[in-house]
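Colleague: I would like to go through this fold with you, beginning with the contacts and then moving on to the sheets. Could you put the structure up?

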Amino acid sequence: MYAKRLARVLGRGWLAFAGVMVAGLPAGATPLISEVYYDAVGADNGHGFVEIAGVPGADLAGYRLLGVNGANGAPGPLVELVGAIGPSGLFLLADVDREGVSATPGADQYANFDFQNGPDSVQLLAGSVVVDALAWGVFGPGEFPAGEGAPAPDAPPGSSLARLFADRDSDDNAADFGILAVPTPGQATFAPIPEPGSGALLTLALGFLAGSRRRTDAAGVGGA
Ligand SMILES: [Ca+2]
Ligand SMILES: [Ca+2]
Ligand SMILES: [Ca+2]
Ligand SMILES: [Ca+2]
């Protein structure tokens, strides 16, 4: 009985710890879907792309992009990612048509996929684990959003869905993504985070040091 209760408490403790670990990851540690272009003006084949944001140099081996049909939840195109996040913090996967031609120059990887116009979803998987997902459009009753939180709006033809900041993720598609009138394959805005060693971070660190010294002094006085 006691052992069972202990195991339950330990289990909860581990879950809480794991939650803190995930929440404490530095921004951009896990790759994120930063932009999806699925509806070009006219035919889509050879025009779409998916942009991934992550730590520069991070190998994407084992990561996969999966389209999920909004009408019935069925898996759609599946692309195994090959390559690494570029120095800019982005990785660009572009669609090709039947002849292998793409309208997107300079991509890190080319593959033949066509994610559907909305309502639909794309998931970024590590093996079989969903690490990020985006749903767009208005899902009716009985339809299958496979994104995070509320779906992003459906982007009109010629526009894309992009994160407001490529490396910022609240797990709510409606809050995180907006419509880009002009898609930006291979370019993105990142959240303004102070670089290590910058003035703001140094001031913060000095503030922590001063605070901890004060606490130590106070403890010393109290203990004397
Ligand atoms: Ca189209
Ligand atoms: Ca295609
Ligand atoms: Ca997410
Ligand atoms: Ca972009």
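Modeller: A definition is needed at the outset: two residues are in contact if their C-beta atoms, placed from the backbone, lie within 7 Å. The model shown is a predicted one.

Colleague: With that in hand, what share of contacts between residues at least 6 apart in sequence join residues at least 24 apart?

Modeller: That share is 58% in this chain.

Colleague: How many helices and strands are there?

Modeller: There are 3 helices and 10 strands. Read from the N terminus, the order of elements is α-β-β-β-β-β-β-β-β-β-α-β-α.

Colleague: And what percentage of the residues count as buried?

Modeller: The figure is 33% of the 224 residues.

Colleague: Let us turn to the sheets. What is the strand order in the one with 6 strands?

Modeller: The order is β6-β5-β2-β1-β9-β10, in an open sheet with mixed pairing. Strands β6 and β10 (177-180) lie at the edges with a single partner strand each, so one side of each has no neighbour in the sheet. From one strand to the next, the twist averages 25°.

Colleague: Which way does β5 run relative to β2, parallel or antiparallel?

Modeller: β5 and β2 (residues 49-53) are antiparallel, with 5 bridges between them. Within that pair, Phe-49 is opposite Ala-94 of β5. With β6 (residues 109-111), by contrast, β5 runs parallel, and 3 bridges join the two. There, Leu-93 faces Gln-109 of β6.

Colleague: What does Leu-93 touch, leaving out residues up to four places away in sequence?

Modeller: Its contacts include Phe-49, Val-50, Leu-65, Val-79 and Leu-81, and also Ala-107, Asp-108, Gln-109 and Ala-111.

Colleague: Where does Leu-93 stand in the largest nonpolar core?

Modeller: Leu-93 is among the residues with the most contacts inside that core, together with Val-36 and Leu-134, and the core has 37 residues. At least two core residues come from each of β1 (32-37), β2, β3 (63-69), β5, β7, β8 and β9 (160-163). The largest share, 5 residues, is supplied by β5. As a general point, nonpolar side chains tend to be buried together in soluble globular proteins.

Colleague: Back to sheets, then. What is the order in the one of 4 strands?

Modeller: This open sheet runs β4-β3-β7-β8, and its pairing is antiparallel. Its edges are β4 (75-80) and β8 (129-136), each with a single partner strand, so one side of each lacks a neighbour in the sheet. Direction ignored, neighbouring strands are turned by 20° against each other on average.

Colleague: How many bridges join β7 and β8?

Modeller: β7 (residues 120-126) pairs with β8 over 7 bridges. One of the residues involved is Gln-123, whose bridge partner in β8 is Ala-133.

Technical notes: Residues numbered from 1 in each chain as written. Chains lettered and ligands numbered in written order. Predicted model: local features only at pLDDT ≥ 70, side-chain atom pairs only at ≥ 80, totals over all residues. Pairing = 2+ DSSP bridges. Axes fitted to C-alpha atoms, helices over the stretch in contact; angles between N-to-C directions. Buried ≥ 20, exposed ≤ 12 C-beta atoms within 10 Å, placed from the backbone. Core = buried A, V, L, I, M, F, W, Y, C linked by C-beta atoms within 7 Å.
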